[in-house]
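I was asked to look through a structure and write down what I found. These are my notebook entries.

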Amino acid sequence: MATAAEQWVLVEMVQELYKAAALASLKKYGVGTCGPTGFYGTFDVHLDLEDRLAKFMKTEEAIIYSYGFATVASAIPAYSKRGDMFVDRAACFAIQKGLQASRSDIKLFKHNDMTHLEHLLKEQEMEDEKNPCKAWVT
């Protein structure tokens, strides 16, 4: 954390507080090369952060991931259902991997082209009318 102050005594006190908190965390949790809960397990600080985030966001629960790629690549298949997905062709690599893992039928539309997306949606609507048992909206 970056701190700036004219009072050097205050800076030294803050640094000592950071050092003490860091040492306490090291003694309690140890240290490793990564932090995914699936690798090291879930600790009280993970659950506390999820609880605080849920309260802040006014939701029942929250989940934390160690980094963005893991979030997208695992959340998409976890929360999506099999079926058709319409995705911007310029979606990032993590989103592409998450979509592949979802095993959905991916329909790519030209980047930021709502006309092309509308065309694909109308095509899908015609397919759904031909076979209404297969069609669903999520």
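Entry 1, the model. I noted before anything else that this is a predicted model.

How many salt bridges does the structure hold? I found 7. I looked up three of them in detail.

I began with helix H1, which covers residues 8–29. Here the side chains of Glu16 and Lys19 meet in a salt bridge, with 3.7 Å from N to O. I checked the positions of the two partners: both lie in helix H1, 3 residues apart, which is about one turn of the helix. Glu16 is partly exposed, because its relative accessible area is 44%. Lys19, with 47%, is partly exposed too.

I went on to helix H3, residues 44–57. Lys55 forms a salt bridge with Asp51, and their closest N and O atoms are 3.1 Å apart. Why are these two separated by about one helical turn? Lys55 and Asp51 are 4 residues apart in helix H3, so about one helical turn lies between them. For Lys55 I noted a relative accessibility of 60%, so Lys55 counts as exposed. Asp51 has a relative accessible area of 37% and is therefore partly exposed.

Strand S2 spans 105–109.

Which residues form a nonpolar patch on the surface? I found Leu23, Leu26 and Val31, which together have about 310 Å² of accessible area. I followed up on Leu26. This leucine lies in helix H1, the helix that also holds Glu16 and Lys19. Leu26 counts as partly exposed, because its relative accessibility is 44%.

His116 is found in helix H6, residues 114–130. I also listed what His116 touches, leaving out residues up to four places away in sequence: Leu108, Phe109 and Lys110.

I wrote down the background first. Most residues other than glycine have a negative phi. I then looked up two residues with a positive value.

Lys58 has a positive phi of about 60° although this residue is not a glycine. Where does Lys58 lie? I located Lys58 in the loop between H3 and helix H4, the latter being 68–79. With a relative accessible area of 77%, Lys58 is exposed.

Asn112 is the other one I looked up. Phi of Asn112 is near 55°, again a positive value in a residue other than glycine. I placed Asn112 in the loop between strand S2 and H6. Asn112 is exposed, because its relative accessible area is 57%. Helix H6, on one side of this loop, is where I had found His116.

Key. Residues numbered from 1 in each chain as written. Predicted model: local features only at pLDDT ≥ 70, side-chain atom pairs only at ≥ 80, totals over all residues. Heavy atoms only, no water. Patch = residues over 30% accessible without salt bridge, like charges linked within 9 Å, V, L, I, M, F, W, Y side chains within 5 Å. Areas by Shrake-Rupley, 256 points an atom, 1.4 Å probe, with all protein chains shown as cover. Salt bridge = Lys/Arg side-chain N within 4 Å of Asp/Glu carboxyl O. Buried < 20%, exposed > 50% of the residue type's maximum accessible area, 1.4 Å probe, protein only. Contact = heavy atoms within 4.5 Å.
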